[in-house]
Amino acid sequence: MLWVALHFNALHPGTLENLAAWACQFTPRVSLEPPQALLAEMAGSLRCFGGLDGFLAKLRSGLAELGCEASLAVAATPRAALWRARGGDRVFEDLPIEVVCADEPFEFLKSIGIEKMHQLLRLPREGLAKRCGEKLIRELDQALGAVPEPRRFFAPPARFAAGLELPGEVFHAEGLLFAARRLLMQLEGLLAARQAGIRSFELTLVHSRSITKIQINLASPARATERLARLLRERLATVTLKEPVEAIRLEAADFTPLHERSGALFGDALADEESWAQLAERLHLRLGGGAVHGLTTQPDHRPEYAWRRVAPGEWDPREFKQPGPRPLWLLQPARRIDQMQFELLVGPERIECGWWDGDEAKRDYFVAELERGALGWIYREAGEWHLHGLFA
């Protein structure tokens, strides 16, 4: 087994759990060491990152993007890794005893000239146990691998909530994106660990006397920071702040299963659909909720009622079923047409319904050839002919 310890300089309450959720994307075996450290067993994940150097480089890169300062150290046991991280990644034998001992044992050992780990390891065990307690002996044995150290591994939660105090008041909404991006990265780590995505998230802006909530909806499940940040940027561009912002909070729930997928060799229909979904959600944020929608059919024999609007992501094009020979272009309202202006080709198709909603239809529909060769969809009702749609 191989362990890496992350010792953070300073953390706000609740931040350690969010960092543990983020770290679970690198390895599922993450353990908390409150108040300022995480431990991760990484032997099973090294091949995914090209070895130990690649794993640590990825970890350090992610911590830098999160804006977190941490000391990293690697060892064969969790206790040794933790002590090395506290000691600035020094060689185990050269660690200062203050990273190992509590206040009372430390003062005693300091008084007898013990300052380094190699000096501590040379002391008689019986005398050391009497002076400093069995806990120190047990932890030394755990660090050296002489006795096992069971660890409780962190379980990524089913929802995300994290806050961030800003270094100064922010007066423009666009200026919040940099800070929000750090929270989005933590969210991505949690979602990657749970193999999940989200369809919406909420950003709360904390003012001195009030709060502002910003809801972001997605057309399809996602977890990538770049996509979430792009949507948030579009939304923030439309927000005018009435008060400066002192802190922000990001929340997301209702996780949806989302697994990685491989691209197709000869075109990728799923990727094309995803591109359209992302375009729709960006237009939705920029133009407003009522400006962007999809169309789909619904069970009604009257052509003018056989469709409905759907929100982006609500309708899957692969589920569409053509109801029959219907023109793509319907005239609204239908236009009266003289009997000498067309020649019937196919029909009739009787449509008689709508008595329940006050707009009853009793029509006989035909496919007809119009002037100049166009194909029209016409119907006869109460002895009059109407052009209702065009095929070509």
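**Reading backbone, helix packing and cavity features**

Me: Asp-89 is placed in the loop that runs between helix H3 (78-86) and helix H4 (103-111). Is the phi of Asp-89 positive or negative?

Reply: The model is a predicted one. In it, phi of Asp-89 is positive, at about 65 degrees, although this residue is not a glycine.

Me: Which peptide bond that involves Pro-35 is cis?

Reply: The bond to examine is the one from Pro-34 to Pro-35, which is cis with omega near 5 degrees. Pro-35 itself belongs to the loop between strand E2 (30-33) and strand E3 (37-41). A cis peptide bond also joins Gln-332 and Pro-333, where omega is about 5 degrees. Pro-333 is located in strand E12 (residues 329-336).

Me: At what angle do helix H1 and helix H8 pack?

Reply: Helix packing is read from the angle and the distance between the axes. H1 (residues 15-23) and H8 (residues 177-193) pack at about 55 degrees, and their axes are 6 Å apart. Angles from 65 to 115 degrees would count as roughly perpendicular and those under 35 as roughly parallel; H1 and H8 are therefore oblique to each other. The crossing of H1 past H8 is left-handed.

Me: Which residues of H1 and H8 meet?

Reply: From H1 come Asn-18, Ala-21 and Trp-22, which meet Met-185, Gln-186, Gly-189, Leu-190 and Ala-193 of H8. By class, the residues of this contact are five nonpolar, three polar and no charged.

Me: How are H6 and H7 oriented to each other?

Reply: Helix H6 (residues 125-132) packs with helix H7 (residues 134-144) at about 130 degrees, the axes being 6 Å apart. Only angles over 145 degrees count as roughly antiparallel, and H6 and H7 are therefore oblique to each other. H6 contributes Arg-125, Leu-128, Ala-129 and Cys-132 to the contact, while H7 contributes Glu-134, Leu-136, Ile-137, Leu-140 and Asp-141. These residues comprise six nonpolar, no polar and three charged.

Me: How many cavities of 30 Å³ or more does a search of the whole structure find?

Reply: The search finds one cavity of 30 Å³ or more. The volume of the largest cavity is about 30 Å³.

Me: Which residues line the largest cavity?

Reply: Its lining consists of Val-4, Leu-6, Ala-23, Phe-26, Thr-27, Val-30, Ala-40, Phe-55 and Leu-59. At least two lining residues each are supplied by strand E1 (3-8) and helix H2 (52-66). The lining divides into eight nonpolar residues, one polar and no charged.

Notes. Residues numbered from 1 in each chain as written. Predicted model: local features only at pLDDT ≥ 70, side-chain atom pairs only at ≥ 80, totals over all residues. Heavy atoms only, no water. Axes fitted to C-alpha atoms, helices over the stretch in contact; angles between N-to-C directions. Helix = DSSP H or I, 4+ residues; strand = E, 2+ residues; numbered from the N terminus. Left-handed = near helix turned anticlockwise from the far one by under 90°. Contact = heavy atoms within 4.5 Å. Nonpolar A, V, L, I, M, F, W, Y, C, P; charged D, E, K, R; others polar. 1 Å grid on protein atoms, 1.4 Å probe; cavity = no way out; pocket = protein on both sides within 12 Å on 5 of 7 lines; lining within 4 Å. Points joined across faces, edges and corners; volume = space filled by probe spheres on them.
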